[in-house]
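Welcome, and please open your viewer. This tour tells you what to select at each stop and what you will find there.

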Amino acid sequence: MPDNPSPKDLEGWLAFISRAELPILRQTVRHLDEARQQADQISGRDITDIVLQDPLLAIRVLAYIQEVSHGRLHSDITNIASAVMMLGIDPFFRKFEQPLTLETMLRGQRQALLGVLQVILRMQRAARYAHDWAFARHDMNVEEVALAALLHDLAESLLWCFAPDRAIEIRSRLQADCRLNDTDVQREVLGIALADLQLALCRAWHLPELLTTLMDSGNAALSRVQNVQLAVNLARHSTEGWNHPAIPDDLNAVQSLLHISREKLLNRLQLPTEVLPRFLGEG
């Protein structure tokens, strides 16, 4: 992997990232090793729980199951539990034995490592929010909605992995001028918008159309897509601090989606006690 990749268009970025080995979190490797040592006692649900804590492993599992099952199934696999069940526990361990870790890939690049870990924290938080709200909405498949939220910012996390200098430049520009639009800055620095790269990667990895639909903000008229987008928005803003000026609007939108009061929403979110007064008087 070159230190300063120079793709200029979507095709170039897609080729650059899609042919690389995706790393996973070192903590995930540790959890997988512990599970492997108890393989005779481990269930598919246990493996699924490990995978869903790491969006980078989740996308690897989805891409792999599409590869090995392509054309053999009557319907798409749209959640990790089904993918693990189809693979089987022993084959799963064999496939993901000794994976490259994020920490190894970014050794010596502390700023890049911190950057991608912050994005992953945000992705994990978005998945939790989406899961809770989909459950509250009596969604027919809560796991699909949560997985779409978990993977929504995948392209951004991969940029930090494979082109950290570009990711740092984008972040620096946005922090220097809050009036700038994220997509505009991405196009200036990368030649593309990350949302376009995200959808292109989904197609390249043959991800289920349903997940692609749920991750595409262009389908915002659908309540499930709203669920995903609002979870991603609140996760993005709240990881920057609960004083972020966009959070009141986020909360109003979630209230409308769930048809609940501000008090009930704050209770569901389990916010830090010290920030509650700021939001209780609104909405």
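This is a predicted model: local features need pLDDT of at least 70, side-chain atom pairs count only at pLDDT 80 or more; totals for chains, interfaces and linings use all residues.

**Stop 1**

Select helix α4, residues 55-69, together with helix α9, residues 142-151. How far apart are their axes, and at what angle do the two helices pack? The axes are 9 Å apart, and the angle is about 115 degrees. The crossing of α4 and α9 is left-handed.

Now show the side chains where they touch. From α4, the contact is made by Pro55, Ala58, Ile59 and Leu62. From α9, Leu147, Leu150 and Leu151 take part.

**Stop 2**

Is Gln66 buried or exposed? Its relative accessible area is 8%, so Gln66 is buried. Which residues does Gln66 touch, once its neighbours within four places in sequence are left aside? Show Asp76, Ile77, Trp205, His206, Leu207 and Pro208, and you have its contacts.

**Stop 3: aromatic rings**

How many aromatic pairs does a search of the whole structure find? The search finds 7.

Begin with Tyr64 and Phe96, whose pair is edge-to-face. The ring centres are 6.3 Å apart, with 80 degrees between the planes. Tyr64 belongs to helix α4, while Phe96 sits in the loop between α6 (89-95) and α7 (102-105), so this pair ties together parts that are 32 residues apart in sequence. Tyr64 and Phe96 are both buried.

Next, select Tyr129 and Trp133. These two form an aromatic pair that is stacked, with 5.5 Å from centre to centre and 5 degrees between the planes. Both residues lie in helix α8, residues 110-136. They are 4 residues apart, about one turn of the helix. Tyr129 and Trp133 are both buried.

**Stop 4**

Setting aside its neighbours within four places in sequence, Leu269 is in contact with Tyr129, Trp133, Leu234 and Leu251. Why does Leu269 count as buried? Its relative accessibility is 10%, and buried means under 20%.

**Stop 5: salt bridges**

Side chains of opposite charge can pair when their charged atoms come close. A search of the whole structure finds 15 salt bridges.

Start with Arg36 and Asp33, whose side chains meet in a salt bridge at 2.7 Å, N to O. Both are found in helix α2 (residues 26-36), 3 residues apart, about one turn of the helix. Arg36 counts as partly exposed at 25% relative accessibility, and Asp33 counts as partly exposed at 35%.

Then move to Arg122 and Asp153. Their salt bridge has its closest N and O atoms 3.1 Å apart. This pair links distant parts of the chain: Arg122 is in helix α8, Asp153 is in the loop between α9 and α10 (154-162), and the two are 31 residues apart. Arg122 and Asp153 are both buried.

What else does Asp153 meet in a salt bridge? Select Arg236, where the N to O distance is 3.4 Å. Arg236 lies in helix α15 (residues 223-238) and Asp153 in the loop between α9 and α10, so the pair ties together parts that are 83 residues apart in sequence. Asp153 has a relative accessible area of 10% and is buried, whereas Arg236 counts as partly exposed at 22% relative accessibility.

Technical notes. Residues are numbered from 1 along each chain as its sequence is written. Side-chain values use heavy atoms; hydrogens and water are left out. Buried means under 20% relative accessible area, exposed over 50%, partly exposed in between (1.4 Å probe, protein chains only). Contact means heavy atoms within 4.5 Å. Axes are lines fitted to C-alpha atoms, for helices over the stretch in contact, and angles run from 0 to 180 degrees between N-to-C directions. A crossing is left-handed if the near helix is turned anticlockwise from the far one by less than a right angle, and right-handed if clockwise. Rings of Phe, Tyr and Trp (its six-membered ring) pair if their centres lie within 6.5 Å; planes under 30 degrees apart count as stacked, over 60 as edge-to-face and the rest as tilted. A salt bridge is a side-chain nitrogen of Lys or Arg within 4 Å of a carboxyl oxygen of Asp or Glu.
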